[in-house]
Amino acid sequence: VLGPGSSLSLGGALTNTGTIDMQTSMSIGSTLAGGSLANNGNVILEAGVPSSITGTYAQGTGGELTTNLESPTDFGSVNVGGAATLSGTLVVNTNFTPDPTTSITVMTTGGLGTQFGAEDYHGYASWTTTYPANNVVLTFKSLAVAPSLSTIVADPLAVPADGTTAS
C-alpha cells in the first residue's frame, strides 16, 4: 500500500506479482519514482488526485489495472512519465451513476503503443475504452442492469438436491 503522499524510489526494475494499492486523497497522490514497473499482479488506482509512475509501465497478460470511480471528478488515475505497454485487463469499479456525457481519463503516458487485452466493468455502468494521444479514456456506454429482487431471493421451501433439510 502506497498511502497518500508516499513515494517509492525504483532504482531499477520492479516486477509486481501481488497487489500495489496506490492510495490518494483529494490533494495528494502516491508515486513510484524512476525505474520501471512490470505489472503481472494488480495495481489499484484509488479515487482522488492522480498517482504517478515517473518511469515506464508494462502490464503483462495476467496483470490487472484497477480504477475506482466515485464521481466524474473523483476517480483513480495514473500519470506515467515514460512509455506504457498494456496487456492484461483494465478493471473499472463504478460507484456512481454517470450521465451520458461522462468521459474520464484514467491513464496518461509518455508513449503508448498497445491496448488492454480485456475490460472488466463492475458497478453502475459499462464504458467504451479509447486510446487517444497516448491516454486511456473511459466514455460512458450504458448503465449496468441490476438483478431484480426476485432473482436474488432464495426459495425458503426449496429442498437441496441431496434431499437433506435443515433442523
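Tutor: Two strands pair if DSSP finds at least two bridges between them. Strands are DSSP runs of E, at least two residues long, and helices are runs of H or I, at least four, numbered from the N terminus. This is a predicted model, in which local features need pLDDT of at least 70 and side-chain atom pairs pLDDT 80 or more, while totals for chains, interfaces and linings use all residues. Residues are numbered from 1 along each chain as its sequence is written, and side-chain values use heavy atoms, without hydrogens and water.

Student: What makes strand 6 and strand 9 a pair?

Tutor: They share 4 bridges in the parallel sense. The rule asks for at least two, so they pair. N42 stands opposite E64 of strand 9 (residues 64-71).

Student: Which other strand pairs with strand 6?

Tutor: Strand 3 (residues 19-22) does, again parallel and over 4 bridges. Here M22 stands opposite L45.

Student: Which way do the residues of strand 6 point?

Tutor: N42 and I44 point one way, V43 and L45 the other, and all are buried. In a regular strand, side chains alternate between the two faces of the sheet.

Student: Why is N68 called buried?

Tutor: Buried means under 20% relative accessible area, exposed over 50%, and partly exposed in between (1.4 Å probe, protein chains only). N68 has 11%, so it is buried. This residue sits in strand 9.

Student: What makes the link between the side chains of N68 and E46 a polar contact?

Tutor: A polar contact is a pair of N or O atoms within 3.5 Å; within protein, one must be able to donate a hydrogen and the other to accept it, and sequence neighbours count only if both atoms are side-chain atoms. The N68–E46 contact is 3.0 Å. A second one, of 2.8 Å, joins the side chains of N68 and N93. Both values are within 3.5 Å.

Student: Which residues does N68 contact beyond its neighbours within four places in sequence?

Tutor: Contact means heavy atoms within 4.5 Å. The list is I44, L45, E46, A47, F75, G76 and N93.

Student: Why is the pair of W127 and F140 edge-to-face?

Tutor: The structure holds 1 aromatic pair. The ring centres of W127 and F140 are 6.2 Å apart and the planes stand at 90 degrees. Rings of Phe, Tyr and Trp (its six-membered ring) pair with centres within 6.5 Å; planes under 30 degrees apart are stacked, over 60 edge-to-face, the rest tilted. W127 lies in strand 15 (residues 125-130) and F140 in strand 16 (residues 135-143), so the pair ties together parts 13 residues apart in sequence. Both residues are buried.

Student: What makes a set of residues a nonpolar core?

Tutor: The members are buried Ala, Val, Leu, Ile, Met, Phe, Trp, Tyr and Cys residues, joined through side-chain atoms within 4.5 Å. The largest core here has 30 residues; Y57, L69, L86, M107, W127 and V136 touch the most other members. Strand 13 supplies the largest share, 4 residues. Contacts of L69 include V92, F96, I104, W127 and L138.
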